[in-house]
There are 2 protein chains.
Amino acid sequence: MLQPPPAEPGMREEEVDTPALLIDLDAFEHNLDTMAALLEPTGTKLRAHAKTHKSPVVALAQMRRGAIGQCVQKVAEAEALAWGGVPDILVSNEVIAPRKLARLAALSKIAKVAVCADDERGIAAVEAAAEAAGIRMTVLVEIDVGSGRCGVEPGPQAVALAERIAASPHLIFGGLQAYHGSAQHKRTPEERRAAIAAAADGTRRTVEQCRQRGLACAIVGGAGTGTFALEAASGVWTEIQAGSYAFMDADYARNAEPPPFRQALFVLSQVMSAPRAGVAVVDAGHKAMPTDSGFPLVHGYPGATYARAADEHGTLVGEGLPGFGEKVRLVPGHCDPTVDRYDWYVGVRRGRVECLWPVAARGAMA
Amino acid sequence: MLQPPPAEPGMREEEVDTPALLIDLDAFEHNLDTMAALLEPTGTKLRAHAKTHKSPVVALAQMRRGAIGQCVQKVAEAEALAWGGVPDILVSNEVIAPRKLARLAALSKIAKVAVCADDERGIAAVEAAAEAAGIRMTVLVEIDVGSGRCGVEPGPQAVALAERIAASPHLIFGGLQAYHGSAQHKRTPEERRAAIAAAADGTRRTVEQCRQRGLACAIVGGAGTGTFALEAASGVWTEIQAGSYAFMDADYARNAEPPPFRQALFVLSQVMSAPRAGVAVVDAGHKAMPTDSGFPLVHGYPGATYARAADEHGTLVGEGLPGFGEKVRLVPGHCDPTVDRYDWYVGVRRGRVECLWPVAARGAMA
């Protein structure tokens, strides 16, 4: 069920019901402005990834600063954005299920929509859905530039799929999806540079081989918050797909030379039990904040460590802990799946609630 | 946003849209019947924990088999149950925020409601809310019987809180909350027996000390799926709070002498990319299934391992993998936070969808 909003505009932050997903609006706006300023001189465009924020409100704030559209991973995310007024959406992922493709084809009547493929059977499925809907769908070929997940090898295998798309009567070949996910979290700048240099080589080669077959790559998309400056400087990618930059998280902050953004996303929690000295139990555990990238940091309490999570509890230990009843900002380990736990963002500026934004694509996994 | 149901009654399982939360109804009913049969001769009652299932439909199925009520951890969960017709609900957790307590007090007009406390300030907050609502609220004292989380020490500290509750004009002392969470997942039966024997000693002593002060413990609640038989046999606990037994998960299955229940909960996923030999990528990652208790098992594919999770992807490796487009049942590592990711249960029996149940308290963290 949709949960009621945990706050009202004008409230003080300490009055917000917990757990709640906070955006520090000053930091958030700084992050959006910073990304726009960094990309502007490169000529590379931003197509921000909505898998992070899942919100047309955030998407439109990014587009007001120059983003040309949005990426999503799921058809249900594309729906939430298009219904909220986002005009240009790339599903940066394979979609092969007929039921999902029928929804995507229907959506293309209200927004510019594109999708990825890495298999002839996938291309045939998109062609069938586009034909049934009486439209032409833009399809990108995903290449594996180092993540070892989806995507074919750069080079001839990718070119063959591009030709297959171009030869399909209801499809348009849109270019390449070339995202190196694991490079984002490599800890040293040297490792990140080496990973993106190799990705650029394979991508450049594939673009050139497509061109030789008369196939232009209108979009070459990829990059995330940990490496976007490298892709933007390469001259290979046309669009940057960063998402986390808007919010940041504890894991990105652990990179050496971390991305130049401020922590803007928090889970506000409350100490609801303090039964022994040196222990404070907060009301935010596994259900409030996935721990796949480690436990959250305790903002503003340098001696406190979030040491243990249960489904509904987090145990803080250390020195100078928050007291019984105090509200505490936690910095999530991993922003994307944390956002997806909440129905509402609570936007806060200088201690006051300024806005409530629905997480419109919360749970949009289809 | 509430997501649309991923299936319709009568569909074949292969037609269900993915990712989806499946209940194998035969296994689920077996589990409910088994728990009822095991507890019946002990005289200990079942107050099943709805933090696992978050559904009045499941709660009422448990109560038709003899469960006397439900536990929850959160006020918003209590609301979802009471609105769905569950008449007797224990919040097996501390609630201290006035806004939450006002909601709980209002709820007590349509259901029998009780809550826990482990601090005088918490008791004062419940008293204030009960007075404001013009009701009397039942409060249990939580004791720490080994989990090291919430709860005061067994013995005099607990008795002092019980007396404080009994002396509050709008409160009723309801007994003790004595749950040993970490004992559920201790791997050997010897470790589990030792943990619950120690918990029983402290609990028995506290009940007796309360009795000596004229305070009867009408409820002594605790126990989970990993140890309930021990608590039920002890003669100390009056109510068993198991939740996971209805569904099971990969983590409980790793216990030596695991609980006598069948795996009834699955995440149905689809292979949406198979770009290289020995790799199949499914459409269920961190957002579909928290990994705090390890990656899921791949049901029915003994040579396949779920080796890596991304936000929206899972990478299967090994021998005899499911092919491109195939639907695959995954066994979640940890059932409670997995359920909380979905808006719908899809109930399946012998390959056909039989029912859709809303996860009514999905996201109910307040």
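Let me start inside chain A, where Asp88(A) stands opposite Lys112(A) in strand S5(A). This is a predicted model, in which local features need pLDDT of at least 70, side-chain atom pairs count only at pLDDT 80 or more, and totals for chains, interfaces and linings use all residues. Residues are numbered from 1 along each chain as its sequence is written, while chains are lettered from A and ligands numbered from 1 in the order in which they are written.

Helices (H or I, at least four residues) and strands (E, at least two) are DSSP runs, numbered from the N terminus. Strands pair if DSSP finds at least two bridges between them. S4(A) and S5(A) run parallel and are joined by 5 bridges. Between them the chain passes through helix H5 (residues 98–107) of chain A, and this β-α-β crossover is right-handed. By right-handed I mean that, with the strands pointing away from the viewer, the path from the first strand over the helix to the second runs clockwise.

On to the next pair. S5(A) is joined by 4 bridges to strand S6 (residues 137–142) of chain A, again in parallel. Cys116(A) has Leu140(A) as its bridge partner in S6(A). With helix H6 (residues 120–133) of chain A, these two strands make a right-handed β-α-β unit.

Is S5(A) mostly covered or mostly open? Mostly covered: of the 6 residues in 112–117, 5 are buried. Buried means that 20 or more other C-beta atoms, placed from the backbone, lie within 10 Å of the residue's own; exposed means 12 or fewer, and partly exposed is in between.

In chain B, look at helix H4 (residues 75–83), where 8 of 9 residues are buried. Among them are Val75(B), Glu77(B), Glu79(B) and Leu81(B). The cover includes helix H5 (98–107) and strand S5 (112–117) of chain B. Just after H4(B), Gly85(B) takes a positive phi of about 100°.

Now the two chains together. A rotation of 180° with 0.0 Å of shift along its axis superposes chain A on chain B, with RMSD 0.0 Å; the copies are thus related as by a two-fold rotation axis. That superposition is by least squares on the C-alpha atoms of residues with pLDDT of at least 70 in both.

Which residues meet? 55 residues of chain A are in contact (C-beta atoms, placed from the backbone, within 7 Å) with 55 residues of chain B. S10(A) gives the most to that side of chain A, with 3 residues. Finally, 100% of the interface residues of chain A are also interface residues in chain B, so the copies meet through the same surface.

Notes: Contact = placed C-beta atoms within 7 Å.
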